[in-house]
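User: I am new to this structure and would like to learn how to read it. Please show it and take me through a few features.

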Amino acid sequence: ARRRPVPRAAIAAAVGLSMLPDLAHLAPVAAWSLAGDGEARALVDYALASPGGEPAMPTWVTLLAHHLHCVFHSAPIAAAVTTLLWPWRGIAWLPLAGWWLHILIDVFTHSATFYPVPVLYPFTDRGFDGLAWNTPWFLAANYVALALAWGGSLGRVRP
C-alpha cells in the first residue's frame, strides 16, 4: 500500500480466497447434513474431526469433500487459475495471494498424519510431512502472530 492504495474490496477478496480452501470441501458435507439425510451436527463433527474421526457419511459426500480439499490446496490448479486471470486483469490479481498464501502455509503446517496437503494434486495425492498446526506451542505462536499482524494493520487500510 506504500506505492498505491489497496482497496478494501481487494483486501476482503484476499481474505475470502485465503479461507476458500478450507471452506470449499465443507460444501458437500453441509449440503448432505443440512438438506439431505444427515444431521447439522455432522457438519460440526466433520469440521472439528481429527483424521479417521470424521462422522460416517455417504460415499459421494466423502469423495467430493476429499477431492474439493485436494483441488483447493493444489499449486498446479492455483497456478492455472492465476494464469487464466492474469491476462484478464492485466496484472497479478492481489486477492489470489490469499489463496496462494493459504496453500503455502498449509503445506508446512499439516503433518502426514493430520491432513497432509496434496500440493501437487492432481498429479499426486501425497503431501509434505510438516508440523501439525494443532501442536499446542505452534497454535499459540500462530494466534500471537495473527494478533500482531492484525494489530499492525489497523489504521493502514484505506477505503
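User: Which helix holds C70, and is C70 buried or exposed?

Analyst: C70 is found in helix α4; helices are DSSP runs of H or I with at least four residues, strands are E runs of at least two, and both are numbered from the N terminus. C70 is buried because its relative accessible area is 2%, where buried means under 20%, exposed over 50% and partly exposed in between (1.4 Å probe, protein chains only). This is a predicted model, in which local features need pLDDT of at least 70 and side-chain atom pairs count only at pLDDT 80 or more, while totals for chains, interfaces and linings use all residues. Residues are numbered from 1 along each chain as its sequence is written, and side-chain values use heavy atoms, with hydrogens and water left out.

User: What does C70 touch, not counting residues up to four places away in sequence?

Analyst: Contact means heavy atoms within 4.5 Å. By that rule C70 touches P118, Y121 and D125.

User: Which bond joins Y121 and P122?

Analyst: Most peptide bonds are trans. Y121 and P122 are joined by a cis peptide bond, with omega about 15°. P122 sits in the loop between α6 (96-108) and α7 (136-153).

User: Which residues make up the largest nonpolar core?

Analyst: In soluble globular proteins, nonpolar side chains tend to be buried together. A nonpolar core is a set of buried Ala, Val, Leu, Ile, Met, Phe, Trp, Tyr and Cys residues joined through side-chain atoms within 4.5 Å. The largest here has nine residues: L17, A24, F72, A78, L96, W99, I103, V107 and V117. Its largest share, four residues, comes from α6.
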